[in-house]
Amino acid sequence: MSMSEADLELISAGFTAIVGFQVVPPSRGHGLPKLTVQELFNCTYTPRSLKHVDPGKVFEINVKSITGSSFTVEVTYSHTIADIKANIEIKQNIPAKDIRLMFDGKPVEDDQSVLDLGIPSGGVLYLLVRLRGGGPDFQLDLDQFDPSYNFDFTSEEDDGQVFVRGGKVYKRPYGWRRFAVQALGRYENDIWLGPNGIRTQEAQGEWPVCYHGTNLQSARAIMDSGFKIGAGDRFGKAVYSSPSLDMVERLYAQRFEHEGSTFKIALQNRINPSPGHFVIIPAEQTGVGAEYWLSPHHDAKKKIDDLRPYGLLFKKVS
């Protein structure tokens, strides 16, 4: 089974809205680099509170932009570049994913710490913001999709049945259309995904289902929701998701225009429930009326795939 050109145009428009670069179907993207679903799935960063840190270990560094403007950020030697990006996002309203930082004439990576880099008190990081071009930049990677598992939930309604996956209630994405992401054979085994088919009961070893709106990548969006960072800020860098698609749709699903209509796009995933790899933030702490599920160890570069997308969801809202 293959997807129609209209489907590919819709998916491309959704990708374009998320990454800020123009993405087109392969029929119009010959020679362009391919963009995968995993590229949309960047980590979420939240700023590290200094509330419980010894004041003697806190110092200021400077951040200067190429336009000449500057501001300061409070850090400790254990702060990472990811932490600093999150603070810049809150202070300057620049999305963390668009921030590039340099120190001592060299670009720095998210997992490097202030200590690793040798940034002193009063040291300077230079800020660059990703620029966006005017023409097609990427083509969809069709190898990332598995059309045989596509499912249209737009005409499906909740009849009260309770579905369970990985020991957690699974709320099916009623009202959405799902394009299946290639998942079978992608990881060490397929037990995490469970058997295919409509079933209410869970299968042994499968992972719970969660949803991720790409605006959950925004530290500002998370902070504005009223999220209360836990004592000790032990989570640091993490990927945020939720079992509530209703909440994700309301607050975090990317909105975009296509062919005269308005759509929203979100990701359907499975989350590793292993102790230490799965942290639940109760609804009363999130400020959004639903739980946040955190994957603090997820790191695709290190091949720790604790959050695995298996469906790309689209909903026509007007």
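E206 lies in the loop between β12 and β13. The model is predicted. Is E206 buried or exposed? Its relative accessible area is 4%, under the 20% cut-off, so E206 is buried. The side chain of E206 has two listed partners here. One is the backbone nitrogen of A203, reached at 2.5 Å. Another is the side chain of R270, with a polar contact at 3.1 Å.

**Aromatic pairs**

The loop that holds E206 also holds two tryptophans, W192 and W207. β12 covers residues 177-180 and β13 covers 209-212. W192 and W207 are 15 residues apart, and their pair links distant parts of the chain. How are the planes of the two rings set? They meet at 55°, with the ring centres 6.0 Å apart, so the pair is tilted. W192 is buried at a relative accessible area of 1%. W207 counts as buried too, at 10% relative accessibility.

A second pair joins F278 and W293. The ring centres are 5.1 Å apart. The planes stand at 90°, so this pair is edge-to-face. F278 sits in the loop between β16 (261-271) and β17, and W293 sits in strand β18. These two residues are 15 residues apart, and the pair again links distant parts of the chain. F278 has a relative accessible area of 15%, which is under 20%, so F278 is buried. W293 is buried at 2% relative accessibility.

The two pairs are set out below.

| Pair | Centre distance | Plane angle | Type |
|---|---|---|---|
| W192 and W207 | 6.0 Å | 55° | tilted |
| F278 and W293 | 5.1 Å | 90° | edge-to-face |

How many aromatic pairs does the model hold? The count comes to 12. Ring pairs also link F179, F256, F263 and F314 into a cluster.

**Arginine over rings**

Which rings does R308 lie over? One is Y187: R308 lies over the face of this ring, 4.0 Å from the ring centre. Another is W192, where the charged end of R308 sits over the ring at 5.2 Å from its centre.

β18 spans residues 292-295. It runs antiparallel to β14, and three bridges join the two strands. Within this pairing, Y240 stands opposite L294 in β18.

**Helix α1**

Helix α1 covers residues 5-19, which is 15 residues. How far does α1 reach from its first C-alpha to its last? The span is 21 Å, close to the 21 Å expected at 1.5 Å a residue. The buried residues of α1 are D7, L8, L10, I11, S12, A13, G14, F15, I18 and V19. Just after the helix comes G20, which takes a positive phi of about 80°.

Notes. Residues are numbered from 1 along each chain as its sequence is written. This is a predicted model: local features need pLDDT of at least 70, side-chain atom pairs count only at pLDDT 80 or more; totals for chains, interfaces and linings use all residues. Side-chain values use heavy atoms; hydrogens and water are left out. Two strands pair if DSSP finds at least two bridges between them. Helices (H or I, at least four residues) and strands (E, at least two) are DSSP runs, numbered from the N terminus. The expected span of a helix is 1.5 Å times one less than its number of residues. Buried means under 20% relative accessible area, exposed over 50%, partly exposed in between (1.4 Å probe, protein chains only). Rings of Phe, Tyr and Trp (its six-membered ring) pair if their centres lie within 6.5 Å; planes under 30 degrees apart count as stacked, over 60 as edge-to-face and the rest as tilted. A charge sits over a ring if NZ of Lys or CZ of Arg is within 6 Å of the ring centre and within 35 degrees of the ring normal. A polar contact is a pair of N or O atoms within 3.5 Å; within protein, one must be able to donate a hydrogen and the other to accept it, and residues adjacent in sequence count only if both atoms are side-chain atoms.
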